[in-house]
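Hi,

Here is the structure I promised to pass on. Have a look at it first, and then read my notes below.

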Amino acid sequence: MCSYGYHAAMAKKRTDDTVIDLFSGVGGLSLGAARAGFRVVASVELDAIAAKSHKDNFPGTAHLETDVGKLSGETLLEAAKLRVGDLGGLIGGPPCQGFSMIGRREQADPRNDLFVQFFRLVAETRPAFYLAENVPGILNGGQEIMARAFDKLPKNYVRLEPMRIEAQRYGAPTTRTRIFFVGYDPDRIRALTELDFAPDPGIKEVRVKDALKGLGQVRADWQAEEQSWRRAELLGKSEFAKRVVGKVPKGVGNAIALERLKAAQEVSGFLGTRHSAETIARFDALAEGEVDKVYRSPRLKLDGFCPTLRAGTSREKGSYQAVRPIHPKSPRVISPREAARLQGFPDWFVFNPTKWHSFRQIGNSVSPIVAEQLMKVLKIRGTLASTMGTVCNT
């Protein structure tokens with residue numbers, strides 16, 4: 001005879017498959033979570049343009065365009081229609097500029113405190129698990145910030161050691177390396193260790209040539225949004241190819257983009273860049289992997305991986321566009337759609353129609369391929385909701 005606790009758990013409306021994405025940006029973590037089987041019930045993003053793009057791709061999600069530092073757990077859960085202790089996972093990538101190895105490192109950057117605010121909201125919402133992403137530099141200069149953040153955690157939570165995740169080892173075509181912080185409530189999640197998140201040795205590496213396959217030429221005069229919609233050829237049957245054109249989670253995806261891809265294999269983001277004749281000649285002379293002496297960016301290697309894509313700066317920091325890699329075959333920088341492929345986004349995922357904002361959104365994102373692999377561990381191996389209390393007496 002099975003215990004009453006099991007029946008009570010099964011009768012309760014299931015919420016262990018829910019996640020809320022803080023600092024969501026355009027939604028790299030959100031997409032990975034959705035593909036792993038979670039429901040992205042709410043997202044929080046202060047940047048209005050990024051928040052709109054997230055809404056374009058996640059129309060079924062509750063969107064809060066607000067400062068995480070001023071947000072209470074009660075308000076967050078109310079938006080998600082959940083109660084304290086119901087949430088499956090709180091995920092997010094707090095802004096990392098203060099710890100970034102690119103440019104000036106500013107330990108006093110007020111954005112660094114948002115890492116602490118993430119953990120405050122863990123304490124206030126009590127999710128079954130949390131997953132936070134940041135740059136490697138946080139391990140070198142962020143000890144005080146991390147100590148303050150971890151001090152916010154409920155005492156019973158198990159906190160794993162920070163994990164250094166290299167995207168190319170998880171099936172993404174980029175070397176982007178980030179630190180992931182994972183912890184969980186042992187009453188709701190089976191015991192996990194850092195080894196559970198190690199890459200599957202069977203994952204096939206995806207190179208630049210694989211990522212850019214099927215994307216045609218980009219003309220310099222393609223500057224308007226409608227001009228950026230172009231036909232993309234099918235990639236084949238690899239796991240990467242399936243994620244480029246398919247694997248659309250329920251309730252996720254922009255209706256127009258999905259329809260244009262299905263009807264005519266049309267994809268957005270083929271925006272060109274006007275280069276001077278001198279620049280074109282200089283790019284044309286570069287060998288694969290060689291860095292342009294003026295632009296200070298490498299020409300991609302077809303058989304290599306894309307280096308970490310940079311995001312550029314916001315308006316408060318001068319609105320500087322990020323330096324972009326040079327195409328391996330054409331004497332030009334890559335287009336937004338090519339950058340999206342190299343970051344692991346599917347062709348049906350849409351970004352802001354301007355180059356500046358689309359590159360910021362892509363460069364600031366966690367690769368959804370990496371996010372899916374990590375979130376899958378928490379979904380398949382972590383949750384106790386469907387098994388807890390199933391002890392029967394004979």
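**The cavity**

Strand 8 (residues 177–184) supplies the largest share of the lining of the largest cavity, with three residues. Before going further, note that this is a predicted model, where local features need pLDDT of at least 70 and side-chain atom pairs count only at pLDDT 80 or more, while totals for chains, interfaces and linings use all residues. Residues are numbered from 1 along each chain as its sequence is written, and side-chain values use heavy atoms, with hydrogens and water left out.

Strands (E, at least two residues) and helices (H or I, at least four) are DSSP runs, numbered from the N terminus. A cavity here is a set of points, on a 1 Å grid over the protein atoms alone, where a 1.4 Å probe fits but cannot get out, and lining residues have an atom within 4 Å of a point. Volume means the space filled by probe spheres set on the points, with grid points joined across faces, edges and corners.

Searching the whole structure turns up one cavity of 30 Å³ or more. The largest cavity holds about 60 Å³ of space. Its lining is made of Ile165, Ala167, Arg176, Thr177, Arg178, Phe180, Val366, Ser367 and Val370. By class, that lining has five nonpolar, two polar and two charged residues (nonpolar: Ala, Val, Leu, Ile, Met, Phe, Trp, Tyr, Cys and Pro; charged: Asp, Glu, Lys and Arg; polar: the others, Gly among them).

**Helix pairs**

Two packed helices are described by the angle between their axes and the distance between the axes. Axes are lines fitted to C-alpha atoms, for helices over the stretch in contact, and angles run from 0 to 180 degrees between N-to-C directions.

Helix 4 (residues 73–80) packs on helix 5 (residues 114–125) at about 65°, their axes 9 Å apart. That makes helix 4 roughly perpendicular to helix 5 (65 to 115 degrees; under 35 counts as roughly parallel, over 145 as roughly antiparallel and the rest as oblique). The crossing of helix 4 with helix 5 is right-handed, meaning that the near helix is turned clockwise from the far one by less than a right angle. In contact there (heavy atoms within 4.5 Å) are Gly73, Leu76 and Leu77 of helix 4 and Leu121, Glu124 and Thr125 of helix 5.

Helix 5 also pairs with helix 7 (residues 143–150): their axes come within 8 Å and cross at roughly 15°. Helix 5 and helix 7 are therefore roughly parallel. Phe115, Val116 and Phe119 of helix 5 meet Ile145, Met146, Arg148, Ala149 and Phe150 of helix 7. That contact has seven nonpolar residues, one charged and no polar ones.

For helix 12 (residues 336–343) and helix 13 (residues 355–363), the axes come within 10 Å and cross at roughly 5°, which makes helix 12 roughly parallel to helix 13.

**One residue to look up**

Arg260 sits in helix 10 (residues 255–264). Leaving aside neighbours within four places in sequence, Arg260 contacts Glu226, Trp229, Gln265 and Glu266.

Cheers

Conventions
On a 1 Å grid over the protein atoms alone, a cavity is a set of points where a 1.4 Å probe fits but cannot get out, and a pocket is an open set with protein on both sides within 12 Å along at least five of seven lines; lining residues have an atom within 4 Å of a point.
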